[in-house]
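Please keep the structure open beside the text as you read.

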Amino acid sequence: MAKKPAPAAPTPAPAPATGAGPAPTVTPDTVLREPAEKRYADQLEALRQNDADTPPANWKLSPRAVLAYIVGTPKPLKATINGKAVEVPITRKFFGDDGVVERSIVTLASERALLLVGEPGTGKSWLSEHLAAAICGTSLLTIQGTAGTTEEQIKYSWNIAQLIAHGYSPQNMVPSPAVIAMRAGALFRFEELSRVVPDVQDALVSMLSDKAVAVPELPDNAMVFAKPGFNIIATANTRDQGVNELSAALKRRFNYVHIPIVGDQKTEVKIVQQRSAELLERYNLPAKLSPPVIELLATVFREIRNGKSSDGVSIKKPSTTLSTAEAIGVALDAALHARFFGAGEVGPADIARNMIGAVVKENQEDKNALKEYATVVAKKRGAKEKAWKEFHDALVEQL
C-alpha cells in the first residue's frame, strides 16, 4: 500500500461519559488490561500510514485496512513510530472465516447496525472491540446489557445537584456512551443486547432509524443528531434466545452476523496458543505452554464438545458450552498452577487439574462426561502415550 501523508494533528478519541474530565492515561503499568486501541496502537498507526484508500466519514482507516488489522497481513508494514522508521507486524486478532469480518465491516459502513450472534465464548465481544478500535479509534463507548439496564443508561440522565440548582440545561445533561458516539460520529458497543428487557431495547430504534435522540426536557435543544460515522455494534448469545426477544422494528434495523464455533482443530490450537501467550505476558508469568500441551488441551475440549473422539468413539456431552474461550481460561489457570505450585512448565497433569471448573458449572451431572472421557478415551491413549497417561491419572484423581 502507498504511503499516506500524516494529518496535522490526530483527532482525540471521545471522552468517557463520566463527567469527570479527561480519562487517565492508560498504560500496561496502570491497568490490568489495555483496550485494543492502546495495546495495538503501533499496528493501527502503521496501517494508517500505509492506507491508500479513502476512509468513510469519521473512520480512522479504510474498510480494507480495518480488515487487514483484524485478520493480519503476510508481511510487516514499514512505518514511522515515535520518530523511528520501523517494521510493524500486523497480527491476526480474529481467527475464523474472514468473510464474517468483511460482512461486519460492510454493515458498519452502511445505514444498518451490526448484531454479532453466537455461542458464549466465540469471540463476539473480542471482534466488536477490535472493529471499534480500528474504525473510530476507541472501543470504550460501551454498555454492558443486563436485566437492570435502563433507558436512561442508553440515552441520557441528569446531574441532579445542578438540575435542582439551575434547572434543565444542556450543561446539566449526562450523555450516555451512545449519545457521545452520536455526537462524535463514532461506534457505540452494546454488549448482551438480548439480556435487556424489550421496552429498554426499543430506546435504540430512534437512534437507528432517525439517527437522533429526542430530549423533550430541552425545548431549545430538543434533538441530538448523529454525525456521519455513527453506528452500533451489538452482541447476543444464542443461549439467551427467548429471554428477551428483539422487537420486529429493532430486528429490521440490525444486520445479523453469526459467529460460529471454531470449525477445525488447527485453528483452535492457534487461537489458544496466541491468546495464552498474550495472557502470560500480561500476568508476567514465566510459565511455559508447549505446543504439544496446547494441542492436547484443544483436543480434549473439541472431543468433549462434539461428543465424539477423533477415533469415532461416542462420549457423553456436558450441558456447558465448551468454547475456545474456556480452553484459554484453562490454559491460563494451568500456567498459574505450574508457576505457583509446580516446576514452572505446564504439563498434561496441570491441564487436567483445571478442567473440572470449566466443564462442571451448575450441573454436577457434567462430572459424568469427564469421567467417561477419562475412562473411554484418555485411558486408552495413555497406554501408548506418556502425556495422555499423565492427563488421565491427574483427571481421575480430581474426579
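## About the model

This is a predicted model, in which local features need pLDDT of at least 70, side-chain atom pairs count only at pLDDT 80 or more, and totals for chains, interfaces and linings use all residues. Residues are numbered from 1 along each chain as its sequence is written, and side-chain values use heavy atoms, with hydrogens and water left out.

Helices (H or I, at least four residues) and strands (E, at least two) are DSSP runs, numbered from the N terminus.

## The five-stranded sheet

Let's begin with the open sheet, where five strands line up in the order β4-β7-β10-β3-β11 with parallel pairing. Two strands count as paired if DSSP finds at least two bridges between them. At the edges are β4 (142-144) and β11 (254-259), each of which pairs on one side only. From one strand to the next, the twist averages 15 degrees. Angles here run from 0 to 180 degrees between N-to-C directions, and axes are lines fitted to C-alpha atoms, for helices over the stretch in contact.

Within the sheet, β7 (residues 187-191) and β10 (residues 231-237) run parallel and are joined by four bridges. Arg189 faces its opposite number, Ile233 in β10. Helix α5 (residues 124-136) packs on the sheet and touches β3 (113-118), β7, β10 and β11, with contact meaning heavy atoms within 4.5 Å. The direction of α5 makes about 170 degrees with that of β7. Helix α8 (residues 177-184) also packs on the sheet, where it touches β4 and β7, and its direction makes about 160 degrees with that of β7.

## Strand β3

How many of the residues of β3 are buried? Six of the six are, so β3 is largely enclosed by the rest of the structure. Buried means under 20% relative accessible area, exposed over 50%, and partly exposed in between (1.4 Å probe, protein chains only). Ala113, Leu115 and Val117 point one way from β3, Leu114, Leu116 and Gly118 point the other way, and all are buried.

β3 has a parallel partner in β11, with six bridges between them, and Val117 stands opposite His258 of β11. β3 also runs parallel to β10, joined by five bridges, and here Leu115 is opposite Ala234.

## Two helix pairs

Two packed helices are described by the angle between their axes and the distance between the axes. Helix α4 (residues 98-108) packs against α5 at about 50 degrees, with the axes 12 Å apart. That makes α4 oblique to α5: angles under 35 degrees count as roughly parallel, over 145 as roughly antiparallel, 65 to 115 as roughly perpendicular and the rest as oblique. Val100, Val101, Ser104, Ile105 and Leu108 of α4 meet Leu127, Leu131 and Ile135 of α5. By class, this contact of α4 with α5 has seven nonpolar residues, one polar and no charged. Ala, Val, Leu, Ile, Met, Phe, Trp, Tyr, Cys and Pro count as nonpolar, Asp, Glu, Lys and Arg as charged, and the others, Gly among them, as polar.

The second pair is α12 (residues 265-282) and α13 (residues 291-306), whose axes come within 9 Å and cross at roughly 125 degrees. α12 is therefore oblique to α13, and their crossing is right-handed. Residues in this contact include Val269 and Val272 of α12 and Ile294, Leu297 and Arg302 of α13. The contact of α12 with α13 has six nonpolar, three polar and four charged residues.

## A hairpin

Antiparallel to β1 runs β2 (residues 84-88), with five bridges joining them. Ile81 stands opposite Lys84 in β2. Two residues lie between the strands of this hairpin, where Asn82 takes a positive phi near 55 degrees.

## Two single residues

Ser62 sits in the loop between α2 (41-49) and α3 (63-71). Is Ser62 buried or exposed? Ser62 is buried, with a relative accessible area of 1%. Beyond its neighbours within four places in sequence, Ser62 contacts Asp51, Asp53, Thr54, Pro55 and Pro56.

Arg39 belongs to helix α1 (residues 36-39) and is partly exposed, with a relative accessible area of 36%. Not counting residues up to four places away in sequence, Arg39 touches Glu34, Glu278 and Glu281.

Terms used:
A crossing is left-handed if the near helix is turned anticlockwise from the far one by less than a right angle, and right-handed if clockwise.
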